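Take a look at the chains below. We will walk through a few parts of them, one step at a time.

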Amino acid sequence: MSENKENNEKPLEQCPHCKAPLSSWEQVLLKVDRALVCKKCWYRISLPVITPGDPNAKPGKGDKK
Amino acid sequence: MNHLDTNWVEHGYGTRFQGFQNLMRQRIRDILIVSSLYDLYLFEEDGRLYELIRNEYLSLQLSHAPELTRVSKGYEAITLLKERVFDMVIITLHTEDIPPVKLASLIKELDIKFAGLDIRIPVVLLAFDNRELADLLRHSDVSVFDKIFIWQGDFRLIIGIIKYFEDKLNIDHDTKIVGVQSIILIEDNIRDYSSFLPIIYTEIIQQSQRLVGEGINLSHKFLRMRARPKILMSQTYEEAWEYFTNYKEHILGIISDIDFPRNGKHQEKAGLELTAEIRKHHSDIPVLLQSSDGSYENAAHLVGASFLRKGSSTLLHDLRNFMKQYFSFGDFIFRLPDGTEIARATDLKSMEQTLKIVPVDSIQFHAERNHFSNWFKARTEFWLAHQLRPKKVSDFKSVDDLRSHIITSLRYYRKMRQRGLIADFQKESFDPNNSFARIGGGSLGGKARGLGFLNILLNNYQIRSQFDGIEISVPPAIVIGTDIFDQFLEENDLRGFALECENDSEIKKRFLEASVFPEEAVGQLIAFLDLVRTPLAVRSSSLLEDSQYHPFAGVYSTIMIPNNDHDPFKRLSELVSSIKLIYASTFFSNAKNYIKVTSYRHEEEKMAVIIQKMVGTQFNGRFYPTFSGVAKSYNFYPLPPQKTEDGIVSVALGLGKMVVEGGETVRFSPKHPGRLIQFHSVDAALKSSQQDFYALSLLQNKDDESNTDESGTKLYPLDTAEQDGTLHFVASTYSFENHSIYDGISRVGARLVTFAPILKNRIFPLANILELLLDMGSWGMGAEVEIEFAVNLNTKRGEPVDFGVLQMRPIVVSHETEKMNLEKYENTALVARSNEVMGNGVINEISDIVFIDPEHFDRAKTRDTATIINLMNSKLVKEGRPYLLIGPGRWGSLDQWLGIPVVWSQISGAKAIIECQFKDLKVTPSQGSHFFQNLTSFSVAYFTITENDKNCHIDYNWIRNLPFEDENNFVKLIRLEKPLIIKMNAGQKMGIIIKPSEEVEDE
């Protein structure tokens, strides 16, 4: 029973704003922390927080700069 | 395990207990009691109520015993309430001036809010006499009281009252955060609930205490107490129903009267009706009905409830038994469908073991009644309960499938909750494949702290299984805290001796002979060795080790032991001796010399010891990982296309000793793994590739005590690795016929360790993993980092590849780029100039030079030279004179043919080093070595002089013509009247060393 294997959420590979590629560590940070500021354009990328009561949360959008 | 479940485990249901920390936020801390002196006297019995409560809190391990303040007059109470903060007021029936009901009204009028919440503090009436209370109830409106209780001689009622109100305040929050369970108590008789409440709370708290033993560490144990079930007390049908509907997923059970109000009227069978209604929603919630009328027993059973007669002389005892059995407090009793007991489980581990052997009939019996999930809930294992509760027996193909589902969930959970935490070592809960635990108090030391932090990062960010088929982890370990070190020194009276003695052999001997080893630790080590029977690395973790500016890299010992003797006492003795040797190494001259150049005092240093499972596979009497290495997030010597921020990695076949002690390694940038600059030509590859490798020898003569001081490693030729089946992962083949190198070892020819199969053909994502880990480390530490690792590709079929992260520490990188014009100096004014310089700024305090002339140097005598340098270093450190060290070859290499094999502590007083070339060989500094780590941490200026490079210059004639103060073999000590001036520009990696009196003033 591996903890990640069935997590089908596709990692975001680039900043949705400036399209700069995200490093593998940034992808991990974004996946777990659900938010990340792009180093290149300072755009705040945010993903929906998955809580126990909200298993079907819809994908979120990035905040504005 | 889906993502949702993982999140639950992460955020409160298991591993890190963040949710638990936020439980029971609202507490009653200050209580005002308004009572006559006589009431209080009755109440206190022997006048020690506060002490009794305090003792009870302590014995129940409840934190924060509340403070009690007593006044005898209502007027005093009102005044005090205006002046001070109280969380609750208890009024007895006899107040001197204002009658209790009137006093309660006046207090309510004050509208005192509870700790910033928008609710008033509770006002409670506590009666002592049944008749008097009945009288009051008949003639007064007592609704002004939040609750009325009657004192029947059990002082724990006070605790019951406090907990009852705290539960009311916290129920919503705590249920939502981690799903804390509740018991609904429906009782409208003041006397009855006043006796039930202390009993139920005591039972609940004792149940929580039983679970505390399973806590992972002290803070987890206390946090766990906060997750105890709550009591929701109600007096009417409607109130009880509201509780049930609000919290029905979290109700552990119901204890109810049968006769209580419904729709504002007394309803004789309200309890039966309520149970029947509840059964429609939840068929398996345990319900206990009570009545003074025994004729209700059958009716109770018909609605699936247990029954107790209130008049029974054993009522309270029976109530306790009911809770134990039906609320799953206590052991899990495995029964057959006919009720026969067949086994018991006392904790999660024994539950897992018992589940493997009990018959399917028993599992089916319990599963159909949700006994497993109830037992987990009652133990505050909400995540496990959640795993099982939604599933029915019919969801599984067979009961055996269900059995393995529960076992897998248990195993997974036990593993998960250990991860990322440094638990107190307990044999029962230690998982030899995952855990990181401690023995003894005190500090864990710098290295273990770094490992603990690394462990947290790997787990919190789910890095462990980020790459398919690869398990990235900190190898399981126990850490012996510094208290055991202190105890060992005290009990054997070694401290004074060790600090004074300058003879390492004598220190070693006395430490090994020390007869007393702290008993507590020995017991735990025996338990540990019973669980782990594979080779162990016994590593130092001193207080000062691995700090950014004084890393103590390579100063203290690491000892590897086979841990394979059939005699457990021999294994224990081998381990204890290794620990003693690590302790002894705290006082070796290496360490003493090192500390002298720091701002610390040696007596401040303490040693913790890490005992860690080694990564690797056993082959014919030896044990080693496929390869090991050191990765840095910053490359001090980038060669195009590398950039400094891309980092640099050094890897070698076998144990990491080859890398950290400066042997031949393969160096690559994780961003450009395919570009191996060191192998730019066939000749270069032949010259600079690894020739042999280190492994732990498992065939040491264990009876010979003198062997134990060795690190336990041995050098083996590459042929051995080829026979073991490890070489093909990392090697290429040299074809003599066409003077070419081919990746892999399928051809005939000489083998070369190039890592081409991994770095060029990507049979293993080494570069990707390291890139991720370096980013993670730099992010976590807020600094550039160095990571040591070992990888075992030779795992059994079906098992993941083992990527062990062995150490992480910050490194010092100087980013300042002071603008200095270094070009204006003519070479005639300079001792040296180089464009391969590490360091930044100006050094103008060096007047001593230790010079080893490459012209006259004999490479066969490098070891003797190291000894002489050590002596000169000790002398100069003692005199407080930093010096410039000039000599040929690679400094800090263990290979005596590559350079003078000094360790850092032998040259610890050097403030600047010039590495010049042998006449016949060019070597480059090994960035993976401990030596290099110390060099950067102490900001030592390091100049590399390359012959025939127009950007490099060294004035040997000037140096050779200086008068020398001391000469020993090839080593000269030169003392100048005025200091040298060293100027370095880190950005350009350029530097110059100016002769005394040749400084040019800046314009």
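**A sheet and its helix**

Start in chain B. Strand β15(B) pairs with strand β16(B), residues 436-439, in the parallel sense, over two bridges. One residue pair shows where to look: Asp424(B) has Arg438(B) as its bridge partner in β16(B). Keep in mind that this is a predicted model.

Now widen the view. The two strands belong to an open sheet of six strands in chain B. Its order is β15-β16-β18-β21-β19-β20, and the pairing is mixed. Which strands stand at the edges? They are β15 (423-424) and β20 (558-561) of chain B. Each has a single partner strand, so one side of each is left without a neighbour in the sheet.

**Two helices side by side**

Two packed helices are described by the angle between their axes and the distance between the axes.

Which residues make the contact? From α11(B) come Tyr237(B), Ala240(B), Trp241(B) and Phe244(B). From α12(B) come Ala270(B), Leu274(B) and Ile278(B). By class, the contact has seven nonpolar residues, no polar ones and no charged ones.

**One serine in a loop**

Next, find Ser292(B). This residue is in the loop between β11 (287-291) and α13 (297-302) of chain B. Why does Ser292(B) count as partly exposed? Ser292(B) has 14 C-beta neighbours inside 10 Å. A residue needs 20 or more to be buried, and 12 or fewer to be exposed. Ser292(B) therefore falls in between.

What does Ser292(B) touch? Leaving out residues up to four places away in sequence, Ser292(B) touches Arg309(B), Lys310(B) and Gly311(B). Look also at Asp259(B), which is 33 residues from Ser292(B) along the chain. The C-alpha atoms of the two are separated by 9.5 Å.

**Chain A**

Finish with chain A. This chain has one helix and two strands. Along the sequence, they follow the pattern α-β-β. Chain A has 65 residues, and 18% of them are buried.

Notes: Residues numbered from 1 in each chain as written. Chains lettered and ligands numbered in written order. Predicted model: local features only at pLDDT ≥ 70, side-chain atom pairs only at ≥ 80, totals over all residues. Helix = DSSP H or I, 4+ residues; strand = E, 2+ residues; numbered from the N terminus. Contact = placed C-beta atoms within 7 Å. Nonpolar A, V, L, I, M, F, W, Y, C, P; charged D, E, K, R; others polar. Pairing = 2+ DSSP bridges.
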